[in-house]
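Student: I would like to learn how to read this model feature by feature. Where do we begin?

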Amino acid sequence: MTTSSPSPQWIAALSVVYVAIRVSAANLSPIMDCDEVFNYWEPLHFVLYGTGMQTWEYAPQYALRTYAYLLPMAAVAQSYRFLLDRLPLSIVESLSKLLLQGAAIPSSLPPSDNKPLLFAMLRGTLALVSSLAELSFLRAVRDEISPRVARWTAFLQLTAAGNFHACAAYLPSSTVMTLWQLGAANQFRDKHGRAVVWGLVAVLAAGWPFCAVLFVSTGVGALWTAYHGDDANIASEETTSGRRVAPPSARSTPVSAVANVLIQTVLHAAWIQAVVMAVDRRHYGKMVSPAWNIFAYNARAGGDELYGVEPLSYYVKNLALNFNFAAALGLFSLPILAFRLLFRKLCNNRHELAEAARRADSLKILGLVPMYIWLAVVLPRPHKEERFLFPIYPMISFGAAIAMDEILSASAFLVPAFASKKREERGRLESDYRFIAGLLAFCPSAIVSVSRSMALHHHYHAPLDLYQRLFAHSSQVPPPSGGRDKHYVCTGGEWYRFPSSFFLPSTAQLGFLKSSFGGQLPQPFTPYGSKAQSLDVQSGRFNDVNREEMDRYLSIEDCTYVIEMVSPGSSAHSDEMPECLQYMATDTAGSWSLLSSFRYLDAESTPALHRILYLPFGRENNVVYKEYNLYFKSHSVDR
């Protein structure tokens with residue numbers, strides 16, 4: 001579309017600011033899902049260091065997770081380790097203070113062994129890649145649909161609380177969100193071949209085959225373009241390899257063109273699947289297809305329901321928290337757009353829309369339809385997770401921008417002051433009106449979203465802070481005596497807030513104390529990883545029904561550190577004394593002392609408004625915190 005827009009210099013500057021904000025916020029976000037840690041960060045740690053906690057999904061008899069998803073991040077991590085060892089120590093220390101918020105890491109530690117710093121750099125990389133995909137999508141929206149829609153989409157994307165933690169999450173759902181934006185950007189620009197390839201990577205290599213429904217419109221669009229040979233679109237037609245070819249009308253029949261797209265898609269899918277299966281064969285020691293295994297497991301009755309069920313209101317609340325009223329606009333965007341198109345048709349408007357306007361409307365529909373397909377798939381499922389909504393976060397912002405643009409464009413016709421103006425002046429006034437009205441509408445939403453993001457950081461960042469302190473302390477503690485080569489860092493009911501083994505030195509390992517949790521916990525990887533040989537040497541067994549395995553638990557005498565959540569006023573004589581503190585009170589093998597304590601929100605005692613948002617006023621009297629404590633058993637170390 002030919003519409004006035006900011007200069008390239010301004011666009012470049014704003015893009016840099018956009019990326020900088022996204023990357024700088026990456027490590028301010030808490031880790032929201034233990035699945036991210038135990039199914040992705042822990043196996044990545046095993047690939048890099050040979051140690052980590054293994055879930056049943058990585059056991060050879062189940063093989064639900066693909067190692068192909070881990071290897072790109074492993075390559076990035078290895079390059080960072082190589083770089084850290086060659087940078088001046090002063091730069092590494094400055095980088096550590098910047099990304100770890102001042103946590104003191106022992107200077108004697110080799111820079112490449114500073115695992116918390118590496119973890120922070122990897123999270124920043126995830127945010128960087130996500131932001132670059134967002135910019136690609138936004139530029140396509142600006143060029144092919146409307147600069148106004150692109151502007152408001154960017155505004156909502158950047159400020160939304162959902163994106164605050166989704167963009168830096170190491171989860172297939174976040175990766176699919178990124179890949180969908182890259183695919184949509186190419187599809188909007190009529191580069192259908194590249195769009196299809198991005199979709200194939202998402203479906204086959206991310207380990208989350210359910211996302212295929214998000215790319216149905218991508219495939220349909222590619223086939224439609226190939227069959228109809230529309231001059232406006234086919235002039236730049238590409239095969240799935242991205243190579244420009246002649247229009248179908250100049251080279252073959254429509255049926256042949258469709259067949260060519262299908263053949264190219266199958267060939268690329270086969271190539272991607274072959275690479276994925278080769279990677280998994282190396283790590284599992286046999287030919288497996290984790291994509292098929294995870295699909296079959298979740299399709300089985302009661303599979304994912306073992307991990308909890310939630311009502312439909314769970315997703316409603318999450319969307320409201322992460323996007324507030326913009327979520328409602330986004331979800332109603334297609335009906336609003338359809339109403340305008342239907343109204344124009346019923347009125348028999350004599351002024352036929354220009355080709356660019358008709359194409360823009362088609363692209364809007366193409367970008368919104370996947371959101372509704374995805375919701376139709378995930379909403380009826382009894383097992384619900386916030387991360388399941390990550391792939392449609394860009395579509396919600398995109399839809400909200402479309403809805404607001406449609407509403408403001410329609411309302412501009414109702415302003416009497418515009419009707420008496422000349423066409424050029426009226427266009428300028430309407431443009432100013434849409435900008436100011438849009439700003440007044442979306443600024444409150446942005447303020448609420450930023451307040452929500454601040455609340456997530458201030459209320460729930462304690463585990464990352466505490467484990468940074470643990471890493472710094474345990475790195476200086478000598479190895480244990482008694483034939484053991486590692487100190488156990490033990491936790492009970494707080495196991496799911498463990499941020500990964502990137503926060504444990506090579507002399508420490510996570511351990512579990514029996515708690516009220518009654519499901520299956522991970523156990524350490526063996527040197528054989530996910531190969532069948534691991535079953536012969538692994539101390540514990542796995543199951544696929546979330547049955548508790550008692551071999552996972554340690555005795556308090558085995559622990560050197562303990563992490564526990566403690567409510568203010570808890571004591572040795574309290575009936576509500578935390579489980580780990582009860583264990584510590586019976587430990588005769590050492591003397592326990594409090595090493596560090598960080599604040600974690602007491603959600604039950606804090607009023608809803610202060611729990612949901614970060615409000616600078618009234619916090620002292622309303623916000624109640626628990627203590628997230630780190631305890632150390634002093635004389636468990638060989639002296």
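Student: How many disulfides does a search of the whole structure find?

Tutor: A disulfide is a pair of cysteine sulfur atoms within 2.5 Å. The search of the whole structure finds one. Cys490 and Cys559 form it, with their sulfur atoms 2.0 Å apart. The link is left-handed, with -90° about the S-S bond. Cys490 lies in strand β2 and Cys559 in strand β5, so the pair ties together parts that are 69 residues apart in sequence.

Student: What should I know about the source of the model?

Tutor: This is a predicted model: local features need pLDDT of at least 70, side-chain atom pairs count only at pLDDT 80 or more, and totals for chains, interfaces and linings use all residues. Residues are numbered from 1 along each chain as its sequence is written, and side-chain values use heavy atoms, leaving out hydrogens and water.

Student: What is the mean pLDDT of the chain?

Tutor: pLDDT is the predictor's confidence in each residue, from 0 to 100. The chain has a mean of 89, and 89% of its residues reach 70 or more. Residues 231-244 stay under 50. For that stretch the model has 38 contacts (heavy atoms within 4.5 Å) beyond four places in sequence.

Student: Are Cys490 and Cys559 buried or exposed?

Tutor: Buried means under 20% relative accessible area, exposed over 50%, and partly exposed in between (1.4 Å probe, protein chains only). Both Cys490 and Cys559 are buried. Cys167 counts as buried because its relative accessibility is 4%. Cys34, at 27%, counts as partly exposed. Buried residues make up 53% of the 639 residues in the chain.

Student: How many helices and strands does the chain have?

Tutor: Helices (H or I, at least four residues) and strands (E, at least two) are DSSP runs, numbered from the N terminus. The chain has 26 helices and seven strands.

Student: In what order do the five strands of the open sheet run?

Tutor: Strands of a sheet pair through backbone hydrogen bonds, either parallel or antiparallel. Two strands pair if DSSP finds at least two bridges between them. Here the order is β3-β2-β5-β7-β6, with mixed pairing. β3 (508-512) and β6 (592-601) stand at the edges with a single partner strand each, so one side of each is left without a neighbour in the sheet. Neighbouring strands are turned by 20° against each other on average, direction ignored.

Student: How do β5 and β7 pair?

Tutor: They pair in the antiparallel sense, over six bridges. Val562 stands opposite Tyr631 in β7.

Student: Which residues touch the most other members of the largest nonpolar core?

Tutor: Nonpolar side chains tend to be buried together in soluble globular proteins. A nonpolar core is a set of buried Ala, Val, Leu, Ile, Met, Phe, Trp, Tyr and Cys residues joined through side-chain atoms within 4.5 Å. The largest has 129 residues; Leu44, Tyr170, Leu214, Ile392, Tyr393, Phe398 and Tyr467 touch the most other members. Helix α5 (residues 115-144) gives the most to this core, with eleven residues. Apart from this core lies another, of twelve residues, among them Cys490, Leu513, Val562 and Tyr631.

Student: Where is Pro578 found?

Tutor: Pro578 is in the loop between β5 (559-566) and α24 (579-585). Pro578 counts as buried because its relative accessibility is 12%. The C-alpha atoms of Pro578 and Ser567 are separated by 8.4 Å.

Terms used:
Axes fitted to C-alpha atoms, helices over the stretch in contact; angles between N-to-C directions.
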